Amino acid sequence: MLLLTACGPVEGPRGDGPEASSSVAVDEFARANDLAGLTRARVTVGEGDGALVVDALVADTDAARARGLQGVPEVPDGVGMLFAFDGPPGPGGRPGFWMLDTLVPLDIAFAADGVVVGIATMVPCTARPCPVTHPGVAYDVALEVAAGVLTDAGIVPGDLFVRQDGAAG
């Protein structure tokens, strides 16, 4: 079983609105944590005024997915990491996630076909074996954010999950 832990820059939004400040936050987060080479995507979870919007760094290679958010001391509001996979899942499905050498608790939302199929809160782990988190069903992508963010936003399985590639806004 493959385990995961917690992307080129693109133009962000222009101006002074919330999208601009979020774009700046993800760029600063990437630079501060040696993640500046990852691409960006905007992820919206839920609908309407209560939707959660996250500017995410995209972990879309084996190396980026394996590193995830290891060693990151803080994940700011509005910022996260999106784990993306090529092609359909193999016969064993997608891998689970563990928190080895991850410094902060994280929430994770698993999604398939644009719908949240599972959520969990994961706690840091400093020694093997670490607990593995998996939704127990097939998924296409997973989004990690600071612990409490998904619960505070009221995100539940069945909510919409929309990824806008190449954008931090």
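Two strands are taken to pair if DSSP finds at least two bridges between them, and strands (E, at least two residues) and helices (H or I, at least four residues) are DSSP runs numbered from the N terminus. The structure is a predicted model, in which local features need pLDDT of at least 70 and side-chain atom pairs count only at pLDDT 80 or more, while totals for chains, interfaces and linings use all residues. Residues are numbered from 1 along each chain as its sequence is written, and side-chain values use heavy atoms, with hydrogens and water left out.

Seven strands form an open sheet with mixed pairing, in the order β7-β6-β8-β4-β3-β2-β9. The edges are taken by β7 (115-122) and β9 (161-165); each has a single partner strand, so one side of each lacks a neighbour in the sheet. From one strand to the next, the twist averages 30°, where axes are lines fitted to C-alpha atoms (for helices over the stretch in contact) and angles run from 0 to 180 degrees between N-to-C directions.

In general, strands of a sheet pair through backbone hydrogen bonds, either parallel or antiparallel.

How much of β6 is buried? Seven of its seven residues are buried, so β6 is largely enclosed by the rest of the structure; here buried means under 20% relative accessible area, exposed over 50%, and partly exposed in between (1.4 Å probe, protein chains only). In a regular strand, side chains alternate between the two faces of the sheet. On one side of β6 the buried residues are L106, I108, F110 and A112, and on the other they are D107, A109 and A111, which leaves both faces covered.

Charged side chains come next. Four salt bridges are found in a search of the whole structure, each defined as a side-chain nitrogen of Lys or Arg within 4 Å of a carboxyl oxygen of Asp or Glu. One of them joins D55 and R42, with 2.9 Å from N to O. This pair links distant parts of the chain, D55 lying in strand β3 (residues 52-59) and R42 in strand β2 (residues 39-45), 13 residues apart. Both D55 and R42 are buried.

A second salt bridge pairs R65 with D62, whose closest N and O atoms are 2.7 Å apart. R65 and D62 are three residues apart in helix α2 (residues 62-67), so about one helical turn separates them. R65 is buried at 8% relative accessibility, whereas D62 is exposed at 58%. In another salt bridge, R163 meets D165, with 2.4 Å between the closest N and O atoms; R163 is partly exposed, at 34% relative accessible area.

Finally, the structure holds one disulfide, a term for a pair of cysteine sulfur atoms within 2.5 Å. The sulfur atoms of C125 and C130 lie 2.0 Å apart in this link, which is left-handed, with -85° about the S-S bond. C125 counts as buried at 8% relative accessibility, and C130 is likewise buried at 8%.
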